[in-house]
There are 2 protein chains.
Amino acid sequence: MVVETQLVTFPSLALDCGVTLAPVDCAYETYGTLNEARSNAILVCHAFSGDAHAAGISKEDGRPGWWSDMVGPGLAFDTDKYFVVCANVLGGCRGTTGPGSTNPATKAPFGMGFPVVTIGDMVRLQKLLIDHLGIARLLCVSGGSMGGMQTLAWAVLFPEAVASVIPIASTSRHSAQQIAFNEVGRQSIMSDPDWREGNYYSGPPPKRGLAVARMVGHITYMSDDSMKEKFGRRLRQRAELGYDFSAEFEVESYLRYRGSQFVDRFDANSYLYITKAMDYFDLASGHGSLGAAFEKTRARFLVISFTSDWLYPTYQSLEIVSALRGRNRDVAYCELPSTYGHDAFLLEVEEQTELVRGFLASTFRNIGRAASL
Amino acid sequence: MVVETQLVTFPSLALDCGVTLAPVDCAYETYGTLNEARSNAILVCHAFSGDAHAAGISKEDGRPGWWSDMVGPGLAFDTDKYFVVCANVLGGCRGTTGPGSTNPATKAPFGMGFPVVTIGDMVRLQKLLIDHLGIARLLCVSGGSMGGMQTLAWAVLFPEAVASVIPIASTSRHSAQQIAFNEVGRQSIMSDPDWREGNYYSGPPPKRGLAVARMVGHITYMSDDSMKEKFGRRLRQRAELGYDFSAEFEVESYLRYRGSQFVDRFDANSYLYITKAMDYFDLASGHGSLGAAFEKTRARFLVISFTSDWLYPTYQSLEIVSALRGRNRDVAYCELPSTYGHDAFLLEVEEQTELVRGFLASTFRNIGRAASL
């Protein structure tokens, strides 16, 4: 299944901060076929560093998508049955308008002149895309981590447009610890002299700062156990006691590699804008309480968390579940056992598949029944 | 109790790496009075960023010591009864010889020409100090975090010279996750152009890299709960949606402040050397197993961990306890409830005091009985 990222340009998008972006590009991919009733569409939302390439093989570089184990023929999000859409988020750097895009007013990259964006803004751009694709109501919106925040925002912002949502390993708002980890990444980037207040597009990007930020991220995505299983205290070469400061432990070289790899595909300013959007996300804000925020939702919910995920711990999913139950919403919840930490939403395929497949099938049946009444 | 840091210079110290440092300075403080039998001496070992100033008021800058709540008249380490010693570690930057010290061979700072040091080397320098003070056998060696590693190394390297040890919130070796966090700090420093391969002593130090490294450290020292209690999602000023990238959440400004404060008192190269010593520490190494390492120990052990400490989790203390029990060693263990995370060893005074006071008193009585036989 070779796929090509597509681009659609919308005339404008009004943002939470009051600024209107005009025009706005949105990069997206689709998998499977939209049925005649247009009732089988699923939007998959990517996490912080993901992009529109969720599944299939990229025509551009031959790579599989970030959720290729979950989205495809016969998989959890079965593209033989469903029409799956994934878009790069607003503020990103993989096709959708972001700080690296050209500012029409100056003909130069926005840089830090890019307006502040929110999770709600990301979702509003996705809504434009869904409208553009002729879909009035999504069968489901699903995603892990920041993708999960988007699913929740969808349920609250567009209650009529989404039949079900599956937030995975996510939260209704960041804790102080989550904000702190993001802030370390931002400080690391902004401390790199190559960052130059965000005006680095004509010169070298802040590679070193971005790589360190990514290293911190990777630690938080794994668990103590998964790191132990993957690396333990293994040394790359047998170090005698004349050891030095080159990477010697396997975990060191892994992190350095992942950090350096990241800088080739990610824009440092997007790192700043998207982490800030995550930190500011607070679903209850403006509603008084989380329960009140869910008051107008009409979707069914399947909430999933993982035992070893210490970045988005189970208690944060339980807050969502509890608020939904308090409003008598249709919510299923499952904490899956895993040693993979936060990465589990990408790696624990089997049990997620079982849950998602059943949930989607029953939602699809319900919609069919409702339509035939 | 005004105290002054003292300095003693030893002719030389042979290191694990094969290099001999000559001469070696050791900065230390003492509190209380050594009794005639020289049987009431306690060595307190500091954690990663600590120094010799454990207690009392510094004559130099009027500050209390890092363990002032635990060391003093009537406190856990009661200086009315005991003679307490604390020394800055080898490789440090607070008086003891380290990478910022002058290399006698070049008359310039060592920088990265400083030999690699180990926790064992730190302990051997402390042994020179204890000999210098005329103490044949310590009543106790105690410390938290990296200080705890030193207490374990004491018990193994100098079994005749220590009657008891109290490792707190510590480990017999770093996990992959602990190494990973340290590696992020090192990379942050070494990525700062001002680091200049460690040759920054005649110019500006790598402040930005060191500050980011410290920010990561602070997150790991606290718990999700303690951060929530201390900061929550509170904003410093009411941010409207026109928010920007200045520090807005209280947790952000706290971390930035602690990071910037740290660079004024800590040397970046010491950060590199000391974290590497921690990462390489493996008490079982060369013995075959942790139990075998404890084979020749003669000390009594009191091992303490804290429920919310995710940096040095309880399971690491239990590994120590289990290995000691397997060799039929005299070991008491207590996991104390706390929400403070790793910082608990500095903050949970009351319960630690009770444990430490009783343990020291009974050890002291035992020694008296043994001496009178």
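**Reading a two-chain model**

Chain B can be laid on chain A with an RMSD of 0.0 Å, by a turn of 180° and a shift of 0.0 Å along the axis. The copies are superposed by least squares on the C-alpha atoms of residues with pLDDT of at least 70 in both.

Me: What relates the two copies?

Reply: They are thus related as by a two-fold rotation axis. The same surface serves both: 100% of the contact residues of chain B recur in chain A. This is a predicted model, where local features need pLDDT of at least 70 and side-chain atom pairs count only at pLDDT 80 or more, while totals for chains, interfaces and linings use all residues. Residues are numbered from 1 along each chain as its sequence is written, and chains are lettered from A and ligands numbered from 1 in the order in which they are written.

Me: How many residues of chain B are in contact with chain A?

Reply: Two residues are in contact if their C-beta atoms, placed from the backbone, lie within 7 Å. Here, 44 residues of chain B are in contact with 44 residues of chain A.

Me: Which helix gives the largest share of that side of chain B?

Reply: Helices are DSSP runs (H or I, at least four residues), numbered from the N terminus. H3(B) gives the largest share, 11 residues.

Me: How is chain A divided?

Reply: Domain bounds come from an automatic or database domain assignment. Chain A has domain 1 (2-174 + 282-372) and domain 2 (179-275). Their centres, taken over C-alpha atoms, are 27 Å apart. In chain A, 23 residues of domain 1 are in contact with 18 residues of domain 2.

Notes: Helix = DSSP H or I, 4+ residues; strand = E, 2+ residues; numbered from the N terminus.
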